[in-house]
Amino acid sequence: MKKNQKVTVEQLEVGTFIRLPISWKDHPFLFSSFKIKNTAQIELIKGLGLKDVFIDPEKSDIEPVTSDKPEQVPTEEELNALKEQMLSDKSAKINEQQKLKRDLKKTEQQFDRSVSMMRSMVSKVSSRPLNAVSEAKDLISNLTNMLLNSDNLALHLMSDAKNEEHIYHHSLNVAMLCMLMAKELGWSREEVETIGIGALFHDIGKLKVPSTILNKRVPLSAPEENFIKQHPLMSINFLKLADSFPEAAKPLIANHHEFLDGSGFPQGLKADKLDKMSQLIAVVNEYDILCNGTNQVKAKPPSVALGMLYKNYNNKLNNEYVSKLIKMLGIYPPGSIIELSSGQFAMVMSVNLQQLLYPNVIVYDQLVPKDQAPIVSLQNHNMSIVRSLPAAALPKKIHAYLSPRDKISFGIGAN
């Protein structure tokens with residue numbers, strides 16, 4: 001049975017999934033596509049002056065919705081009151097959406113400034129190391145203030161990283177997630193700042209790796225692989241130029257690829273040789289690599305990456321920290337592609353860390369222009385998530401509309 005069959009409004013029944021063929025602004029419903037819940041909605045649709053609407057049989061209830069007694073058709077007065085209430089609610093939801101977009105824009109601007117600072121710091125490590133470390137401490141201190149002084153934090157999905165800036169986005173991702181984790185684990189402010197500044201510089205040694213190796217898209221040779229595995233120690237050598245760099249942060253830089261069973265690199269250390277900061281950054285670093293992939297390994301959807309950490313790294317990573325990361329990000333981290341109980345597809349844009357089951361999502365609605373796509377809070381819209389799915393499973397037009405990120409970057413903002 002094909003989708004989007006045209007039917008007359010007189011044929012509509014409760015349980016039918018419909019698409020209204022008019023502008024989103026010209027009706028009182030929150031979305032232009034939805035499943036009819038009651039007779040009142042059918043009467044409101046009839047009042048729009050439409051002869052026909054489109055239905056999607058696949059998303060409609062197979063069995064007709066029945067009850068012991070037929071639902072009473074509302075009076076004209078009741079319909080007018082309902083319409084006024086719906087328009088008022090819709091206006092409030094639009095205002096809420098605009099606030100969500102402003103919050104996202106503000107976080108995006110903060111993140112862009114952090115990327116610029118990161119680029120500046122890295123360029124100064126060799127020539128002006130004291131300046132680089134001082135700027136890094138300021139950035140981490142400001143981020144720590146926000147983390148520790150706000151009870152209503154949100155983790156936002158940022159725009160794609162340019163290829164040449166991937167190292168900065170990755171380092172910021174790892175720093176922010178490590179600091180969030182440290183806060184959730186009840187670590188001291190000093191420990192939060194230490195793991196933050198260490199994470200900022202954990203991959204700086206990759207600047208010593210030739211780009212011909214770093215950007216290679218075919219499998220690395222054994223010597224090339226061994227060379228790139230030395231980058232944690234290269235990072236430490238880089239930072240010897242900066243006398244003011246915190247000594248306490250150096251082990252986590254050297255050990256961010258070490259695993260508890262000794263199968264990591266560059267030194268093959270085991271659990272008893274790895275301090276808690278080294279164990280924490282190993283978890284976050286691995287998660288970000290799984291999400292964003294490498295030139296040799298394809299990126300995984302965020303929810304799949306979390307599942308892989310839980311299932312496949314049992315003896316390699318600290319299980320307490322893996323569980324905390326999953327609990328902190330929720331089942332649907334920013335960047336996840338989801339299907340809603342309304343039958344619509346959406347992408348998770350931000351997660352309120354206090355309300356993990358109700359993320360803010362950008363929803364596909366073919367009658368709303370892409371640049372005006374609604375960002376909605378599931379908590380306030382009586383919708384739930386049915387499933388997560390890979391971006392590749394989306395129809396082309398929905399994929400183009402939602403624009404799933406090739407690279408996942410996170411920004412932290414206060415709601």
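This is a predicted model: local features need pLDDT of at least 70, side-chain atom pairs count only at pLDDT 80 or more; totals for chains, interfaces and linings use all residues.
**View 1. Thr194 in helix H5.** Thr194 sits in H5, which spans residues 189-200. Its relative accessible area is 11%, so Thr194 is buried, the cut-off being under 20%. The Thr194 side chain comes to 2.8 Å from the backbone oxygen of Glu190. Which residues touch Thr194, leaving aside neighbours within four places in sequence? They are Ala248, Ala249, Leu252 and Met277.

**View 2. Helix H5 against helix H10.** The two helices pack at an angle of about 55 degrees. Their axes lie 11 Å apart. H5 and H10 are therefore oblique to each other. The crossing of H5 and H10 is right-handed. H5 brings Glu191, Thr194, Ile195 and Ala199 to the contact. H10 meets them with Lys276, Met277, Leu280 and Ile281. By class, this contact of H5 with H10 holds five nonpolar, one polar and two charged residues.

**View 3. Helix H4 against helix H10.** H4 covers residues 166-184 and H10 covers residues 276-292. They pack at an angle of about 135 degrees, with axes 9 Å apart. H4 and H10 are therefore oblique to each other. H4 crosses H10 in a right-handed sense. From H4, the contact takes in His166, His170, Asn173, Val174, Leu177, Cys178, Met181 and Ala182. From H10 come Leu280, Ile281, Val284, Asn285, Tyr287, Asp288, Ile289 and Asn292. The residues of this contact of H4 with H10 comprise 10 nonpolar, five polar and one charged.

Terms used. Residues are numbered from 1 along each chain as its sequence is written. Side-chain values use heavy atoms; hydrogens and water are left out. Helices (H or I, at least four residues) and strands (E, at least two) are DSSP runs, numbered from the N terminus. Buried means under 20% relative accessible area, exposed over 50%, partly exposed in between (1.4 Å probe, protein chains only). A polar contact is a pair of N or O atoms within 3.5 Å; within protein, one must be able to donate a hydrogen and the other to accept it, and residues adjacent in sequence count only if both atoms are side-chain atoms. Contact means heavy atoms within 4.5 Å. Axes are lines fitted to C-alpha atoms, for helices over the stretch in contact, and angles run from 0 to 180 degrees between N-to-C directions. Angles under 35 degrees count as roughly parallel, over 145 as roughly antiparallel, 65 to 115 as roughly perpendicular and the rest as oblique. A crossing is left-handed if the near helix is turned anticlockwise from the far one by less than a right angle, and right-handed if clockwise. Ala, Val, Leu, Ile, Met, Phe, Trp, Tyr, Cys and Pro count as nonpolar, Asp, Glu, Lys and Arg as charged, and the others, Gly among them, as polar.
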